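Open your viewer and get ready to select residues by number. This tour goes stop by stop, and each stop says what to pick and what is there.

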Amino acid sequence: MFACIGVQLFKGRFYSCTDEAKHTPVECKGSFVVYKDGDMNHPMVKERIWQNSDFNFDNVLMGMLALFTVSTFEGWPQLLYRAVDANAINRGPIYNYRVEISIFFIIYIIIIAFFMMNIFVGFVIITFREQGEAEFKNCELNKNQRQCVYYALKAQPIKIYIPKNPSQFKFWKIINSSQFEYIMFVLILGNTLTLAVQHYEQSKTFTSIMDILNMIFTVVFTVEMIIKLLALRAHHYFIDPWNSFDALIVVGSVLDIAVSEFSGGGGHGEGKGESRKVSITFFRLFRVLRLVKLLSKGEGIRTLLWTFVKSLQALPYVGLLIAMIFFIYAVIGMQTFGKVAIDDSTEINRNCNFQTFFMAVLVLFRCATGEQWQEIMLAALPGRRCDPEADTEPGEEFTCGSNLSYIYFISFFMLCAYLIINLFIAVIMDNFEYLTRDWTVLGTHHLDEFKRVWSDYDPEATGRIKHIDVVTMLRRIQPPLGFGKLCPHRVACKRLVAMNVPLHPDGTVTFNATLFALVRTSLKIKTEGPIDQQNEELKMIIKKLWKHTKPKLIDEVIPPPRGDEVTCRKVYASFLIQDYFKKFRKRKERERKSKKKDKAASLQQGLRSLQDLAPEMRLAIACDLEDEERVDGEMTGDEVFDSEPGNSVNNTPASTPMPPFETLVERTAVIIEPEPELTNEEVITE
């Protein structure tokens, strides 16, 4: 579509004369004078030639070639300026004749180069992932679950050397202390800064200071190596690759100082060491790499390094594919363009040619990066001068090159730039996928922490620890793999009940079984439903995915049902039952005490209300007594004398005065005094 539009806009308009003063084919005849590099003393006579641009829009095919070059972002500004200066058909260019025509190229770059090409890249990445998952299409486990389960089955505990000799153990404690690590980190950082401040044409004083600092750092790192050798002995010291790397740097630095001193040069900046073809001063430069070792202790850097290593493990397959394509195209290029003469004024020169296999590979690598690949393609077209040593017949000196140059370079660039290079991106993004997902989801990059923490409880790497250490160990590991420091003990026991780690008769649990149970419960792999049925289904999946897995290992992580075996589930379930029973007893005791307190409080509240009503009650009682006396006073004298003791109707005993209300409250408080608390040994009798 864009090529058709370009043909209508620019066909026949990209012609120009070698003499910029001429604008038509009729005028562009004869010769003209130019001055080499603008020097008036070196005139040169050249012939006027009416020529077309190498990339033009005279037809649809040439327009598509020009637009493809624009989409690769190589040489497109020159084509844009040529279009802006285009005047009319068979007319020479005029500076900025149609500036608005640049909108055509801007729209094309935005739509094609920015959107369509990136959509193609996304399609390549999606296809790569789909093909990688096609093998496991019917598998019940997703990719992350498969990777974690495989890691749990194949992982082995780390062995930590702990010396038994007391004097040797002192050195071992020193090198494993955090203070020692901080001191070495500061020293390595200082050494890196001293290497970074060195520069060209530095003064002799500055060079002397750098030499002294280099000697100081070399002595310090040598002392570090000696301390580690005393603590670990040679065998255990060189097992660690980082220790071997440190030893190589120290030995190289000592040799560097020794050679510089004995050669009489004094400093490394002015001595003869710098003039040697092969100098050993480069050993000190590798000290910078020790920062990677120290920074890898951080969680974020360790995760990035893990991704880098995992990507490198998958890249060799893509590298082999690239090597095969480079080999095929290099051989074809040697056979097709190997006879083109080397000319430093063209793109086929001493640094870019197809005369040897090595040079052909270098040219292809340059084209894969997109560096002026279209110019190399044009330099390999027919009509090029042949190399004098080529077996050409007389009169065929300008017959080298081929029209296959278009197909050769365009197909190679599309394969490398749009397919192979994007496979690298797909592999890296496949390993970086966890960076864009929920960090609470367990991944294989979390599982290395389990090995490091396990080694603290099992330094001999026997693969077993006591089951009582599992809770404290998992609380040291942060979620999503472990429980974390803030996890309550009761919640940790619940997690262990759900894990159901197999327990050996000696009260130990194994490394692989514990890690496998952690992965299984965290990712919820076959955890719902009857446990025996889920275990059998998971065994079948493992045997199907990893056929070479030993049956003994499968039975270790997923023990067969026996019915009466003791597992961590039963042990920690008993802990939970005891804990809940203690909580139940405490709650009942609190309820009993609260009921007594509520009863006493309610009675006292009632008595307080009575005390508030005491004046009214006294007044009412006094009124009743006065009424009775008044009635008695109205009786006649005969009635008084005739009445006998015991026969009177109003034979009411004399009223007893009411005690003070405060006394009543005190007596009541004594009655409802709470019972004394009984200990567990006391017996309540009735």
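Contact, on this tour, means heavy atoms within 4.5 Å. Helices (H or I, at least four residues) and strands (E, at least two) are DSSP runs, numbered from the N terminus. This is a predicted model, in which local features need pLDDT of at least 70, side-chain atom pairs count only at pLDDT 80 or more, and totals for chains, interfaces and linings use all residues. Residues are numbered from 1 along each chain as its sequence is written, and side-chain values use heavy atoms, with hydrogens and water left out.

**Stop 1: two helices**

Select helix α3 (residues 76–85) and helix α4 (residues 102–134). Two packed helices are described by the angle between their axes and the distance between the axes. Here the axes come within 9 Å and cross at roughly 150°. Axes are lines fitted to C-alpha atoms, for helices over the stretch in contact, and angles run from 0 to 180 degrees between N-to-C directions.

Now show side chains. Which residues of α3 meet α4? Pick Trp 76, Leu 79, Leu 80, Ala 83 and Val 84. Their partners in α4 are Ser 102, Phe 105 and Ile 109. By class, this contact of α3 with α4 has seven nonpolar residues, one polar and no charged. Ala, Val, Leu, Ile, Met, Phe, Trp, Tyr, Cys and Pro count as nonpolar; Asp, Glu, Lys and Arg count as charged; the others, Gly among them, count as polar.

**Stop 2: the disulfides**

How many disulfides does the structure hold? There are two. A disulfide is a pair of cysteine sulfur atoms within 2.5 Å.

Select Cys 17 and Cys 28, joined with an S to S distance of 2.0 Å. Cys 17 sits in strand β1 (residues 16–17), and Cys 28 in the loop between β1 and β2 (31–35). The two are 11 residues apart, and the pair links distant parts of the chain. The torsion about their S-S bond is about 80°, so this disulfide is right-handed. Are these cysteines buried or exposed? Both Cys 17 and Cys 28 are buried. Buried means under 20% relative accessible area, exposed over 50%, and partly exposed in between (1.4 Å probe, protein chains only).

Go on to Cys 386 and Cys 400, whose sulfur atoms are 1.9 Å apart in a disulfide. Both lie in the loop between α14 (373–379) and α15 (404–431), so the pair ties together parts that are 14 residues apart in sequence. Cys 386 is buried at 5% relative accessible area, and Cys 400 is buried at 6%.

**Stop 3: Cys 352**

Select Cys 352, which is buried at 1% relative accessibility. Cys 352 is in no disulfide; the nearest cysteine sulfur belongs to Cys 367, 6.7 Å away.

**Stop 4: backbone exceptions**

Most residues other than glycine have a negative phi, and most peptide bonds are trans.

Select Glu 201, in the loop between α7 (178–196) and α8 (204–239). Its phi is positive, about 60°, although Glu 201 is not a glycine. Glu 201 is exposed at 65% relative accessibility.

Next, select Asn 500, in the loop between α18 and β6 (508–510). Phi of Asn 500 is also positive, near 55°. Asn 500 is partly exposed at 23%.

Finish at Pro 479 and Pro 480, joined by a cis peptide bond with omega about 10°. Pro 480 lies in the loop between α17 (468–476) and α18 (489–499).
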